[in-house]
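This briefing covers the overall make-up of a protein model and then one of its residues. Please look at the structure before reading the points below.

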Amino acid sequence: MDTLFLILCGSVEESTSEPHDKVGVVSVVYVSNDKEKIDSKLGDLQKTHPDNFYMAYEVPMDTDLTTLEHYPGIEISKEDLN
């Protein structure tokens, strides 16, 4: 089965619509089918942006990820936004 590796980034940023409010943002920041590239990029991102939270995921291709027990996502709680 073909797999895809992705790196997600979770961060807290200033809201663009509500001044002085913060929002949690989750972004896909890197995608590859090469695990070694993912591992290297993940280390680089964590070093250069230590305030962000990064996670690497391996997912099967051509699959509805919502049917899996766990799929890529980062929870950002209200406390994270303070």
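Helices (H or I, at least four residues) and strands (E, at least two) are DSSP runs, numbered from the N terminus. The model is predicted: local features need pLDDT of at least 70, side-chain atom pairs count only at pLDDT 80 or more, and totals for chains, interfaces and linings use all residues. Residues are numbered from 1 along each chain as its sequence is written, and side-chain values use heavy atoms, with hydrogens and water left out.

**Overall build**
- The protein has 1 helix and 3 strands, in the order β-β-α-β from the N terminus.
- Its C-alpha trace spans about 45 × 30 × 20 Å along the principal axes.
- Contact means heavy atoms within 4.5 Å; of the contacts between residues at least 6 apart in sequence, 56% join residues at least 24 apart.

**Burial and charge**
- Of the 82 residues, 22% count as buried, that is, under 20% relative accessible area with a 1.4 Å probe, protein chains only.
- There are 6 positive side chains (Lys and Arg) and 17 negative ones (Asp and Glu), with His and the chain ends not counted.

**Residue S32**
- S32 lies in strand β2, which covers residues 22-32.
- S32 is buried, with a relative accessible area of 9%.
- The S32 side chain reaches the backbone nitrogen of D34 at 2.9 Å.
- Apart from neighbours within four places in sequence, S32 is in contact with L4, F5, K37 and I38.

Methods. Buried means under 20% relative accessible area, exposed over 50%, partly exposed in between (1.4 Å probe, protein chains only). The place of a charge is taken as NZ of Lys, CZ of Arg, CG of Asp or CD of Glu. A polar contact is a pair of N or O atoms within 3.5 Å; within protein, one must be able to donate a hydrogen and the other to accept it, and residues adjacent in sequence count only if both atoms are side-chain atoms.
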